[in-house]
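Open the model in your viewer and keep the selection tool at hand.

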Amino acid sequence: MDSYKILLDLAIIVITSKFFGLIARKLKAPQVVGQIIAGLLIGPSVLGIVGLTDFISQMAEIGVILLMFSAGLETNIKDLMKTGVKAFMIACAGVFVPLVGGTLLYMGFYGMSPVGSSEFYSAVFIGVIMTATSVSITVQSLRELGKLKGEVGTTILSAAIIDDVIGIIVLTFVIGFRTPDSNPFSVILSTVLFFVFAFIVGFVLYKVMKKIDERYPHTRRIPIVGLAICFIFAYLAEVYFGIADITGAYVAGIIMCSLEDSDYIAEKMDINSYMLFGPIFFASIGLKTTLDNLTVELLMFSLGFVVVALVAKIVGCGLVSRAIGYKGGDALKIGVGMMTRGEVALIVAQKGLAVGMISSVYFTAVILLIIVSSVATPIILKFLYSKDEPVKEMA
């Protein structure tokens, strides 16, 4: 009968994740925060009702792949092209400054490590976690303020999307160097080969999918084939190119984001992700988070992690925005708009844990960052926009 306990575990995860997700939404926080807390409460650290089994871990891995596939599908290539160089420069600063800040923070707490050592890459990985910007939280905040379609809002949105693309590329390189005997040239070559492969094969697949979409529009076979392509790219990326499976899933989404039925594919993916795989993934973060080893030093590190992550985005993105022509107030809005963190930060942290680059104790810092940034960003943006003329968006 023990083999059937997984059914009870899944029921508990789904119900508690939804319950705490709704509470989080009522408190104006992202639902993922509630789902993480649900996993923490039912996990070994608190109640011990549900344990992290191999099956749940595998389901969580599917969940993170679907999340990254959806993120790729929701990328608007045309919007990225419109904002052009400005958004790209802001995004580069939004990756570089937090990356350096996170690395220095870790070394400040745990000491300097020689380049190439495992501790050095752990330090760099803390910086990688800080690079991600939550597009969903930023969009919702700007939409509620009626500023999403303005120049500043469009720039923030485009820069946030590019930010995540660059962050995933950085993640790919850092994970490639995770083993002491890794060859830098080999890592760079395999990464470049993957993106060349993805571009060539992706172009062919896009043409094929476009033909299928034109012949069988809005039919279930479209998302089914799309899901298969997502899994294939995730597999090829991990097994044959030695880079993160989530990179493959994200690229698969990018390939199909320009299809007429891309929204339809994303809608079908969201059903699976929202009802089952997503809650399992976010709850698994809570299940993995251990409070037993929570020391004063780790608590101080977590607080420093939050401060550095927030300030680094504001400084990096804000200063570059000011340098390329935005007024001081608008540059500050862009910096604040870029400081939110969400699913991608968790996904990056999860991948670091999976490859042994960080310990699960650091999830406490990531969760704290998501909560603080999600609450602080709308409040600060509202204050910054308070003196502007109200602009109503079309319904």
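Is phenylalanine 241 buried or exposed? Phenylalanine 241 counts as buried, at 17% relative accessibility; buried means under 20% relative accessible area, exposed over 50% and partly exposed in between, with a 1.4 Å probe and protein chains only.

This is a predicted model, in which local features need pLDDT of at least 70 and side-chain atom pairs count only at pLDDT 80 or more, while totals for chains, interfaces and linings use all residues. Residues are numbered from 1 along each chain as its sequence is written, and side-chain values use heavy atoms, leaving out hydrogens and water.

The ring centres of phenylalanine 194 and phenylalanine 241 are 5.4 Å apart and the planes are at 70°, so the pair is edge-to-face. Rings of Phe, Tyr and Trp (its six-membered ring) pair if their centres lie within 6.5 Å; planes under 30 degrees apart count as stacked, over 60 as edge-to-face and the rest as tilted.

The structure holds 17 aromatic pairs. For another of them, select tyrosine 106 and tyrosine 362: this pair is tilted, with 6.2 Å centre to centre and 55° between the planes. Now widen the selection to Tyr106, Phe109, Tyr110, Phe301, Phe305 and Tyr362, which form one aromatic cluster.

Finish with two charges over rings. Select arginine 221, whose charged end sits over the ring of tyrosine 216, 4.1 Å from its centre. Then select lysine 86, which lies over the face of tyrosine 326 at 5.2 Å from the ring centre. A charge sits over a ring if NZ of Lys or CZ of Arg is within 6 Å of the ring centre and within 35 degrees of the ring normal.
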